[in-house]
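Visitor: I would like to learn how to read a structure feature by feature. Could we take a few residues in turn and go from the general idea to the case at hand?

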Amino acid sequence: KHLEKEKWIETMHRSAPDDNWRNMDQQHRLQAASQKKQSGDLPIYGKWRELGSNNQAGRTVYTYFDPETEDMYTASDGGQVWKGEIGADNWVPLNDHFKIPRIRFVTKIGTGNNTRLLVQSSAWNIAGIFFSDDDGLSWAMGEGLDNIIDWGFIKRTVVKNDPGKTVYCIAQEWDYSAWQAVSAIYKSNDLGSSFEKIQTFDYPVENVDLWTAPGGESDVFVMAQSEFYLLDESDELVSVASLPNPADGNTLLTGFDSDAGLYFYAMIRFNNMSHFYASGLNGQNWSETGTHTQGPFMVNSFAASPDEMDVLYFGGIEAFTSNDAGQSWTIVNNWGQYYGSPEDRLHADIPAFNSYMVGDMEYLFINTDGGTYISYDKAENVENLSLHNLRISQYYTSYTCRFDPSYVHAGSQD
């Protein structure tokens, strides 16, 4: 059914062979949405009332928390960024008239009134970087990503905590000379407005990942086919170490910034198992620590606590925590427990863990297929932040009663 739907969508967008209808569509939507919001001239007139569901959230894929304003920016699977406050149930969509598909990263750069909201999409054949300087009123796309627009997508974006807040992306694109998929690292010195390519790997982006310490002053680090590098000031790759028993597979990288230095953790999925690795100080002396049968749900389903060394979070169908760098894993709750206690039990499917230090406390946001939760004790206890007013349920079908149109039946994911 999915393939039939994709084929029908392609048929509906017939265009010249060299035209990229996805990028053309995204450009048009971006321009139209900004004009509508700025002018206030909406195309549909009449009194509209949103019916819901008001008490049922769908999949969230990323949450950014601004400690200065205490605002949350939560991305839904439907392509909207929602703004709200913890426990206030005051969710507001920031891009209601402009969908950003497959969001995988959200952040704010700057302070006070001089801030930029930066959003990364992993959708195919579009620029992948979107930003707003007025908290969602208008949007623009990053430039210099033409190769990705032609064929490819961005896997991950990180922002280096340097004075210029340099933005780095790792993406997949096509090498037309070698006629194969390759990975490329792009860099932006102007907060995501424009990018330049600085490195290329001759294998798919599945085998590459990036990390930098979000709150400290660190380099950008790269794991590529089991080889661990840092990017120096000249954007050259400097080899640091290799993983034991190297293998190709879906690669995710994270780290912990301690007073003594940096420690790193990696997950590589191969042979139907998730294999976990941990480094010594500053990326030396890697060892394999453990395995898990479940695979990561998405690119942000593996993370390290910024508060405590060797505390890891991993999400597949369920969420798991480790206090020993991945040697052992403890389930947060079985997915079926959600239905009896949605306020304090995680929904199934875990797209992202996003942690932020607020003073001496870690705020851990867990994004699930049933909305976003928060934990103040490393997932020992969780609280559902999306029980009310985050109207992002995923509806598969609906039916209006023929005899009384005031009755509407809708089939959601849950």
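Guide: Let us begin with contacts: leaving out residues up to four places away in sequence, T157 touches F105, Q120, I129, V167, Y168 and C169. Please keep in mind throughout that this is a predicted model.

Visitor: Where is T157 found, and does it count as buried or exposed?

Guide: T157 is found in strand 9, which covers residues 152-159. A residue is called buried when its relative accessible area is under 20%, and because T157 has a relative accessibility of 3%, it counts as buried. Of the residues that T157 touches, V167 lies 10 residues away along the chain, and the C-alpha atoms of the two are separated by 7.1 Å.

Visitor: Which side chain is joined to that of Y265 by a polar contact, and where is the place of Y265?

Guide: The side chains of Y265 and D310 are joined by a polar contact of 2.7 Å, and Y265 has its place in strand 18, residues 262-270. Y265 counts as buried, because its relative accessibility is 1%.

Visitor: How should I read charged pairs, and how many salt bridges does the structure hold?

Guide: The general idea is that side chains of opposite charge can pair when their charged atoms come close. The structure holds 12 salt bridges. One of them is formed by D369 with R59, where the closest N and O atoms are 2.5 Å apart. This pair links distant parts of the chain, since D369 sits in the loop between strand 26 (361-368) and strand 27 (371-375), whereas R59 sits in the loop between helix 2 and strand 1, 310 residues apart.

Visitor: Are R59 and D369 buried or exposed, and what else is R59 in contact with?

Guide: D369 and R59 are both buried; for R59 the assignment follows from the 20% cut-off, because its relative accessibility is 17%. Leaving aside neighbours within four places in sequence, R59 is in contact with several residues, including S76, D77, F297, M298 and D369.

Visitor: Which other salt bridges could we compare with this reading, and which parts of the chain do they link?

Guide: The side chains of D135 and K83 meet in a salt bridge, at 2.6 Å from N to O. That pair also links distant parts of the chain, with D135 in the loop between strand 7 (129-132) and strand 8 (140-141) and K83 in strand 3 (residues 81-85), 52 residues apart. D135 counts as partly exposed because its relative accessibility is 30%, and K83 is likewise partly exposed, with a relative accessible area of 21%.

A further salt bridge is made by the side chains of R156 and D209, again at 2.6 Å from N to O. Here too distant parts of the chain are linked, with R156 in strand 9 and D209 in strand 13 (residues 208-211), 53 residues apart. Both partners are buried, R156 at 10% relative accessibility and D209 at 0%. Salt bridges may also share partners, and in this way R59, D77 and D369 are joined into one network.

Visitor: Turning to nonpolar residues, which members of the largest nonpolar core touch the most other members?

Guide: That core has 49 residues, and those that touch the most other members are I103, V106, L118, V119, W139, L145 and F365. Taking L145 as the case, and not counting residues up to four places away in sequence, its contacts are A127, I129, I154, Y186 and F195. There is also a second, separate core of 18 residues, which includes F221, A241, L253 and F270.

Visitor: What makes the nonpolar surface patch, and where does Y339 lie?

Guide: I317, W335 and Y339 make a nonpolar surface patch of about 320 Å². Y339 lies in the loop between strand 24 (330-331) and strand 25 (352-358), and it is partly exposed, because its relative accessible area is 46%.

Technical notes:
Residues numbered from 1 in each chain as written. Predicted model: local features only at pLDDT ≥ 70, side-chain atom pairs only at ≥ 80, totals over all residues. Heavy atoms only, no water. Buried < 20%, exposed > 50% of the residue type's maximum accessible area, 1.4 Å probe, protein only. Contact = heavy atoms within 4.5 Å. Patch = residues over 30% accessible without salt bridge, like charges linked within 9 Å, V, L, I, M, F, W, Y side chains within 5 Å. Areas by Shrake-Rupley, 256 points an atom, 1.4 Å probe, with all protein chains shown as cover. Salt bridge = Lys/Arg side-chain N within 4 Å of Asp/Glu carboxyl O. Helix = DSSP H or I, 4+ residues; strand = E, 2+ residues; numbered from the N terminus. Core = buried A, V, L, I, M, F, W, Y, C linked by side-chain atoms within 4.5 Å. Polar contact = N/O pair within 3.5 Å; in protein donor to acceptor, adjacent residues only side chain to side chain.
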